[in-house]
Amino acid sequence: MHFSEKITQLRKTKGLTQEDLAEAIGVSRQTVCKWESGSAMPDSEKILALSAFFGVSTDTLLKEEVSLSGSFAPQQTQPPENIEAFFETEPVRQKRPLKRIIAAVVVFAVLVTAIAVPLQLGGYRELWWKLCGGKIEYPYVLVHGLGGFGESEDGSVSYWGATTGSLPEYLRREGYTVYAPSIGPYSSTWDRVCELYAQLTGTTVDYGQAHAKTHGHARFGRTYTEPLIPNWGNRVNGGQRVRIHLIGHSFGGATVRLLTSMLANGNAEEIKATGRETSPLFTGGKKDWVFSVTTLCAPHNGSQLTCIVDEIGNIAGITDTTQLLVNLMFKLAKQTNSAFGTTDLMLDQFGVHNTGSGEEDITQALHEVESMGKDHAIYDLSPDGAAELNRQIETVKGVYYFSYAYSTVSDGSLLGGKVPLLTTLPVLMPTALAMGAYRGTTSGGIVIDDSWLDNDGLVSVVSAQYPMGEAHEDLDTENVEKGVWNVAPTVEGDHGTAVGVNADGEKTRSFYDTLFAMVASLKR
């Protein structure tokens with residue numbers, strides 16, 4: 001009998017619902033449902049809790065050849081009718097050997113348990129962690145994309161969940177520790193990484209002296225007095241490193257990738273420029289601070305939409321087409337929050353402050369930043385800019401990597417291209433159609449061919465799956481490797497579906513339930 005069948009039988013024998021069992025063990029009903037369906041297994045702590053709750057051994061729960069039949073009634077032997085008289089008739093010299101035998105049996109039983117239980121439940125580390133306060137759960141950090149924002153202070157509004165309701169709040173109710181910080185909505189990947197690191201650690205944003213000098217902006221930014229994750233990178237509960245799960249949507253994918261690489265490898269230019277005053281972000285040596293990286297609709301290889309906008313601008317005689325793309329991204333982001341116009345631009349390093357809430361203020365600010373060079377989001381989103389960024393990012397061997405691509409188009413063009421599905425977000429219909437037909441070559445020599453046509457309205461499937469040239473394989477949840485991109489099957493939906501923009505709420509929450517459960521169960 002399999003574990004899932006045993007749990008189901010034990011629960012029903014006690015006359016419990018899945019909700020009753022979930023409440024007793026301290027998990028969600030969805031978690032119990034996954035155990036009973038065989039799609040997930042509880043960790044060692046929950047195995048012990050189930051064993052104690054049902055009054056059965058861990059062997060009974062875990063070993064397939066052990067049946068539940070008769071396991072509830074331990075065998076009992078009847079003692080002699082007059083046990084006191086039995087011992088009194090024994091010579092005194094016989095009591096000590098008997099006690100020694102009993103003591104030896106107890107010691108043997110303890111030794112067997114000390115060896116068998118840890119091995120059964122994942123090794124001695126699990127037992128040691130339990131003795132030292134328990135196995136720690138890693139926090140989840142959600143990183144938004146271009147034009148986005150994190151979570152409002154009261155949790156009522158969030159980029160994550162959008163029209164389906166706040167995902168961070170939902171996931172916290174499911175027992176996860178979740179953070180959704182706001183970083184520069186239009187800043188470059190580098191600047192966003194520096195801002196995210198400062199918030200996680202509770203420090204002043206340091207963009208790096210060398211970087212700031214090259215791009216003509218201030219070295220230091222805002223100060224965060226309280227860290228989002230107080231013990232991040234420290235060892236607690238028997239030497240366990242506090243690590244994090246990073247999940248990035250759209251442009252947030254580049255942010256979480258660069259942060260992970262920077263923590264592991266540092267940056268030689270910044271170390272050379274500032275020596276002992278270098279920010280810890282740039283010194284490296286933190287390859288085990290991140291446990292997993294997950295990207296959703298991320299333009300790992302850029303988006304050909306930037307090429308399309310450039311060509312449209314050239315036809316119309318517009319030399320600076322960046323504003324057109326910014327306007328488009330802003331309209332999409334506005335779908336998630338009617339008050340989005342008040343979002344902080346976070347461009348203090350350029351001397352651009354949030355002086356207004358209108359769309360014109362944002363595009364004007366971006367125009368000023370764009371004129372200063374390539375240190376902005378739009379360049380990083382272009383195929384050439386993404387290729388340059390990819391040369392700076394290394395996939396860290398000890399980290400799990402996952403990617404999810406979405407598609408909102410199907411075959412149908414007379415020219416052999418793709419056309420958007422009727423379920424596509426209206427604002428993305430034109431872009432999905434344009435991307436499904438565009439072919440060309442960038443100024444940097446990157447060929448946009450038929451493989452780029454399948455898209456989610458803003459990012460091609462081929463770009464969202466993995467950075468070109470990186471090791472990758474199809475996602476197999478039973479055999480997940482570190483240091484390679486585990487590519488999930490393409491999901492039907494547009495760029496906003498992944499974060500709940502005009503999406504089905506139950507499907508959105510179910511997707512994140514499955515994702516979080518998977519990364520939480522990964523081997524440490």
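This is a predicted model: local features need pLDDT of at least 70, side-chain atom pairs count only at pLDDT 80 or more; totals for chains, interfaces and linings use all residues.
**View 1. Helix 2 crosses helix 3 at about 110°.** Helix 2 covers residues 18–25 and helix 3 covers residues 29–37. Their axes sit 8 Å apart, and the pair therefore counts as roughly perpendicular. On the helix 2 side, the residues doing the meeting are Gln 18, Glu 19, Leu 21, Ala 22 and Ile 25. Helix 3 answers with Arg 29, Val 32, Cys 33, Trp 35 and Glu 36.

**View 2. Helix 4 (residues 44–54) has its buried residues along one face.** Look for Ser 44, Lys 46, Ile 47, Leu 50, Ser 51 and Phe 54, the buried residues of this helix. Seen down the axis, they fall within an arc of 160°, so they line one face of helix 4. As a reminder, an α-helix has 3.6 residues a turn, so residues three or four places apart point the same way.

**View 3. His 249 is tucked away in strand 7.** The strand runs over residues 244–249. With a relative accessible area of 3%, against a cut-off of under 20%, His 249 counts as buried. Its side chain reaches the backbone oxygen of His 495 at 2.9 Å. Setting aside neighbours within four places in sequence, His 249 is in contact with Val 143, His 144, Gly 145, Tyr 159, Trp 160, Leu 296, Cys 297, His 495, Ala 498 and Val 499.

**View 4. Arg 173 sits out in the open on helix 9.** Helix 9 takes in residues 167–173. At 62% relative accessibility, Arg 173 counts as exposed, the cut-off being over 50%. Val 27 is 146 residues away in sequence, yet the two C-alpha atoms are 9.9 Å apart in space.

View 5. Buried residues make up 50% of the 524 residues. Among contacts with a separation of 6 or more, 68% are between residues 24 or more positions apart. The chain exposes about 24,900 Å², and carbon and sulfur atoms supply 53% of that area.

How values were computed:
Residues are numbered from 1 along each chain as its sequence is written. Side-chain values use heavy atoms; hydrogens and water are left out. Buried means under 20% relative accessible area, exposed over 50%, partly exposed in between (1.4 Å probe, protein chains only). Contact means heavy atoms within 4.5 Å. Accessible areas come from the Shrake-Rupley method with a 1.4 Å probe; for residues, only the protein chains shown count as cover. Helices (H or I, at least four residues) and strands (E, at least two) are DSSP runs, numbered from the N terminus. The arc is that of the directions from the helix axis to the C-beta atoms. Axes are lines fitted to C-alpha atoms, for helices over the stretch in contact, and angles run from 0 to 180 degrees between N-to-C directions. Angles under 35 degrees count as roughly parallel, over 145 as roughly antiparallel, 65 to 115 as roughly perpendicular and the rest as oblique. A polar contact is a pair of N or O atoms within 3.5 Å; within protein, one must be able to donate a hydrogen and the other to accept it, and residues adjacent in sequence count only if both atoms are side-chain atoms.
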